[in-house]
Amino acid sequence: ATPTAVMVATGVGANNGILIKGGDALERAQKIKYVIFDKTGTLTQGKATVTTAKVFTGMDRGEFLTLVASAEAGSEHPLAKAIVEYASHFHFFDGHPPTKGNQNQGVESKFYGWLHDVLDFSAIPGRGVQCCIGGKRVLVGNRKLLTECGVLIPSHVENFVVELENSAKTGVLVAYDNDLVGVLGIADPLKREATVVVEGLLKMGVRPIMVTGDNRRTAEAVAKEVGITDVRAEVMPAGKADVVQSFQKNGSVVAMVGDGINDSPALAAADVGMAIGAGTDIAIEAADYVLMRNNLEDVIIAIDLSRKTFSRIR
Ligand code: ADP
Ligand code: MG
């Protein structure tokens with residue numbers, strides 16, 4: 001391709017909200033053999049919604065939701081935001097609407113007067129959060145978190161979580177004072193174009209793969225829905241780059257599409273890193289492509305643009 005062709009292609013990309021960082025990135029995209037998609041916020045809308053909240057002990061439902069929301073108020077995770085939002089609706093109907101506090105304090109939890117005070121908060125990547133409320137330890141997260149902290153998961157609770165996961169939901173488990181008190185089911189619908197894009201890639205001879213920190217059952221249910229057969233689940237944030245490298249082994253050109261801070265090492269490791277959506281600054285920095293429209297169709301448009309630019313016989 002001539003420098004002019006590269007310039008034109010870059011301009012066409014920009015007009016579609018596809019920012020390409022240089023001619024090398026544009027050229028590599030034509031050879032993409034694997035596209036590895038992050039699940040949450042990339043294939044899915046990233047708008048998690050609580051669909052179920054089940055208490056397994058005698059704890060009052062309002063108290064359960066307050067406890068969980070208090071623990072999650074300090075987390076930036078999409079699951080945490082869904083939980084706080086859900087609990088705030090409960091309190092709204094309970095006669096305690098979220099009250100706007102001093103906005104200058106910047107801490108979102110200050111907006112919710114009904115939250116408990118939290119001590120020793122920590123977010124554990126790939127697992128959940130833990131903190132201390134009223135002198136008792138509170139854990140909110142996946143099985144791994146609870147098991148590692150020595151909380152027993154009764155079989156009827158495990159069965160309930162499995163049921164959620166088989167229907168593509170993420171089960172969030174809650175322990176209070178080392179007892180399992182309840183479970184929340186959280187759904188995050190696929191982007192509307194996701195299935196068509198996966199189909200399109202297959203037609204182009206490109207293999208789609210899904211990678212996620214979420215558990216295997218949920219991941220497989222989502223993958224099945226979108227038409228992806230190759231799923232890497234329960235991957236810790238640092239492990240996503242390893243997944244990219246495992247596909248590069250025989251010299252294959254690998255693209256990674258992701259949106260989060262979690263994804264930036266993988267975006268950097270990929271031959272073609274594509275940051276999607278508003279994304280985080282760090283993901284945008286690590287990427288070769290920025291897909292501003294937050295539309296997965298742009299993955300296909302990007303590959304197509306590169307193929308057309310570099311296959312043209314002059
Ligand atoms: P993904 O790769 O899908 O973005 P993450 O690595 O962010 O996933 O998280 C993996 C898993 O860790 C989540 O599916 C969830 O089970 C658990 N988790 C992480 N953060 C939280 C949180 N704040 N609250 C509850 N669960 C969490
Ligand atoms: Mg994500």
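In this predicted model, helix α1 (residues 3-15) packs against helix α13 (residues 297-311) with their axes 10 Å apart and at an angle of about 160°. That angle makes α1 roughly antiparallel to α13, since angles over 145 degrees count that way.

**Helix α1 against helix α13**

- The crossing of α1 past α13 is right-handed.
- On the α1 side, the residues that meet α13 are A5, V6, A9, V12 and G13.
- Their partners in α13 are A302, L305 and T309.
- Sorted by class, this contact holds six nonpolar and two polar residues, with no charged ones.

**Helix α8 against helix α13**

- Helix α8 (residues 194-203) crosses α13 at roughly 25°, and the two axes come within 8 Å.
- The two helices are therefore roughly parallel to each other, as angles under 35 degrees are counted.
- V197, G200 and L201 of α8 make the contact with E297, V299 and I300 of α13.
- The classes here are four nonpolar, one polar and one charged.

- The protein divides into domain 1, which spans 3-45 + 190-311, and domain 2, which spans 49-187.
- Taken over C-alpha atoms, the centres of domain 1 and domain 2 are separated by 32 Å.
- Where the domains touch, twelve residues of domain 1 are in contact with eleven residues of domain 2.
- On the domain 1 side, α3 and α9 (216-226) are the elements that give two or more residues.
- Helix α9 provides the largest share of that side, with five residues.
- By class, the domain 1 side of this contact comprises four nonpolar, five polar and three charged residues.

**The shell around ligand 1**

- There are 22 residues around ligand 1, and T40, H77, G128, N142 and G213 come nearest.
- Both domains take part: domain 1 and domain 2 each supply at least three residues of the shell.
- Two helices, α3 (39-43) and α5 (78-93), each give at least two residues to the shell.
- Strands β5 (128-133), β6 (136-141) and β7 (170-176) likewise each contribute at least two.

Key
Residues are numbered from 1 along each chain as its sequence is written. Chains are lettered from A and ligands numbered from 1 in the order in which they are written. This is a predicted model: local features need pLDDT of at least 70, side-chain atom pairs count only at pLDDT 80 or more; totals for chains, interfaces and linings use all residues. A residue is near a molecule or strand if its C-beta atom, placed from the backbone, lies within 6 Å of it. Helices (H or I, at least four residues) and strands (E, at least two) are DSSP runs, numbered from the N terminus. Domain bounds come from an automatic or database domain assignment. Axes are lines fitted to C-alpha atoms, for helices over the stretch in contact, and angles run from 0 to 180 degrees between N-to-C directions. Angles under 35 degrees count as roughly parallel, over 145 as roughly antiparallel, 65 to 115 as roughly perpendicular and the rest as oblique. A crossing is left-handed if the near helix is turned anticlockwise from the far one by less than a right angle, and right-handed if clockwise. Two residues are in contact if their C-beta atoms, placed from the backbone, lie within 7 Å. Ala, Val, Leu, Ile, Met, Phe, Trp, Tyr, Cys and Pro count as nonpolar, Asp, Glu, Lys and Arg as charged, and the others, Gly among them, as polar.
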